[in-house]
Amino acid sequence: MIYIIGSGIAGLSAAISLKMSNYPVTVITKRVQGGSSYESRGGIAAATAPNDSPELHAQDTIAVGDGLCDVKSVDYFTREALEAIETLEKWGFEFDKDLRLEAGHSRRRVHHRMDSTGMFLTNFLLKLATKLGINIVEDRVMALKVRGNVVKGFITTGGVSIDDADSVILATGGYAYLWSYTSNPRDNTGDGVALAFRAGAVVGDLEFVQFHPTVTVIDGESFLLTETLRGEGAVLINDKGERFAFKYHEKGELAPRDVLSRAIYNEYRLGRRVYMDLKPIDNFEIKFPSVNEFLRRHGLTRNDLIPVVPGAHYSIGGVRVNIRGESTIRGLYAIGEVANTGLHGANRLASNSLLEALVMGINMPLHIGEDWEGPDLNDGEVLNVKLPSGSREMGLEEIRRLNWDYLGIIRDGDELSRLISIYEDVYLTGIDEWSNAALISYLTAKAALMRKESRGSHYRADYPSRDDARFRRRIYFRMMD
Ligand code: FAD
């Protein structure tokens with residue numbers, strides 16, 4: 001039996017594709033409609049337009065990735081994108097006819113379904129999985145079983161214990177919920193990365209956490225104001241009425257996410273407030289029904305200025321794998337946001353993550369029987385980490401606040417060192433969600449401290465420039481026995 005952990009777009013597309021190729025699969029998931037997939041809005045990037053090509057898509061991906069993209073991964077995913085879209089359509093999923101433009105893309109190539117692509121697609125995949133008779137169980141995997149560097153199974157909080165898995169596919173999503181301001185749902189606390197790390201797998205690029213520039217929090221409800229709003233004409237202004245984004249980047253509101261996030265963060269540091277003005281968008285209600293509905297729920301309209309803050313959005317780091325999803329442990333795959341393939345480099349091009357999740361999921365039957373290769377680790381340093389023996393328990397809210405304060409959009413060596421020493425007192429060797437959350441935060445802080453430069457989504461106030469001579473390398477961690 002092949003066990004798939006997680007029921008986001010990566011997990012479901014893998015389950016369906018494997019089942020259609022007659023592999024026996026079971027999906028175990030914390031929450032069936034959990035994870036970022038259900039919340040994702042903008043869409044999926046693929047160079048299907050006549051004026052576009054996978055090469056152009058690859059160029060855009062590499063430009064945003066700021067010197068750390070794995071070129072082999074970029075070529076693979078931008079090429080496979082076309083077939084992934086075709087496969088979804090063959091399965092019966094309908095995209096809207098137009099392609100949208102998002103920041104960093106030189107062509108209109110974002111395939112979408114209104115402004116709730118993830119919800120439509122996840123519901124569609126769930127329905128198809130049910131039709132195919134795929135067993136989906138709600139439970140939380142809390143530890144993997146590995147012997148002689150081969151995965152054998154796992155245990156769950158619901159008391160399930162598996163010892164005879166043919167393969168285990170982690171599709172558990174990322175860890176961007178670990179910051180106070182976030183676009184992510186509560187499910188994304190980094191469980192999968194922690195499970196793999198504790199089992200001995202190599203994890204990498206953890207310091208690269210992408211902050212989305214425009215999250216709004218109204219009456220306590222967080223809501224992502226998708227990039228396509230800006231692609232379709234929305235502008236940002238501060239409370240002095242200035243359209244400030246051009247002060248920070250020539251592309252203004254369509255600047256790369258990290259630049260725009262820092263620009264907004266900086267406006268706040270200067271004591272200003274930042275708003276999105278939706279009035280310039282044509283046919284707003286038709287193009288963005290879910291944003292319109294969110295505003296309506298809170299008694300607002302498109303004519304109001306909507307307050308925005310940057311929030312943790314996407315974890316680039318994760319379980320190091322090759323393009324097939326193979327980790328450093330035989331039989332253990334990681335796909336989607338839990339995986340680190342090098343596609344995104346130091347910064348993710350918008351709409352490339354659903355693409356990565358789908359390509360890895362859909363292509364799983366092509367790889368599952370192949371000779372095991374595992375990832376190439378020659379592009380970085382593998383550091384063996386001995387976990388400190390702290391005993392303090394720490395709640396998730398405290399972890400999120402600490403990360404926002406000390407491991408956020410603008411980082412600094414002294415603050416990172418302080419954060420690491422706080423986590424050294426915490427019980428990092430447990431298997432509860434909060435212990436996993438603290439472990440991932442600790443490792444992320446360590447990587448952020450080691451990377452004494454600014455690159456992509458990682459910005460150090462004390463090292464504001466990119467340093468290719470020393471840091472055009474990945475930082476990998478493996479647990480010391
Ligand atoms: P997820 O969808 O996060 O699913 C993870 C699954 O794992 C969940 O089912 C969860 O319950 C389960 N799980 C976790 N831990 C365990 C455990 N221990 N045991 C069992 N199950 C577990 N990307 C784009 O490309 N385009 C977009 O337009 C876009 N918009 C976005 C908008 C928002 C608001 C957000 C938050 C993200 C957006 N992203 C977008 C990013 C994208 O949605 C994610 O990268 C992608 O959905 C990840 O899919 P996944 O299947 O890997 O993980």
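Good morning. A salt bridge here is a side-chain nitrogen of Lys or Arg within 4 Å of a carboxyl oxygen of Asp or Glu.

The model is predicted, so to speak of local features we need pLDDT of at least 70, side-chain atom pairs count only at pLDDT 80 or more, and totals for chains, interfaces and linings use all residues. Residues are numbered from 1 along each chain as its sequence is written, and side-chain values use heavy atoms, with hydrogens and water left out.

How many residues of domain 1 are in contact with domain 3? There are 36, and they meet 39 residues of domain 3, where contact means heavy atoms within 4.5 Å. The two domains bury about 3300 Å² between them, 56% of it on carbon and sulfur atoms. Buried area is the accessible area (1.4 Å probe) that two parts lose on being put together, summed over both. Of the area that domain 1 buries against domain 3, Trp-179, Phe-197 and Arg-198 supply 23%, more than any other three residues.

Four salt bridges cross the interface of domain 1 and domain 3. On the domain 1 side, helix H6 (191-198) and strand E10 (203-204) are the elements that give two or more residues. Helices (H or I, at least four residues) and strands (E, at least two) are DSSP runs, numbered from the N terminus. H6 gives the most, with five residues.

I turn to the whole structure. A search finds 39 salt bridges. One of them joins the side chains of Arg-31 and Asp-187, again at 2.8 Å from N to O. This pair links distant parts of the chain, 156 residues apart: Arg-31 is in the loop between strand E2 (25-29) and helix H2 (36-39), and Asp-187 is in the loop between strand E9 (167-170) and H6.

Thank you for your attention.
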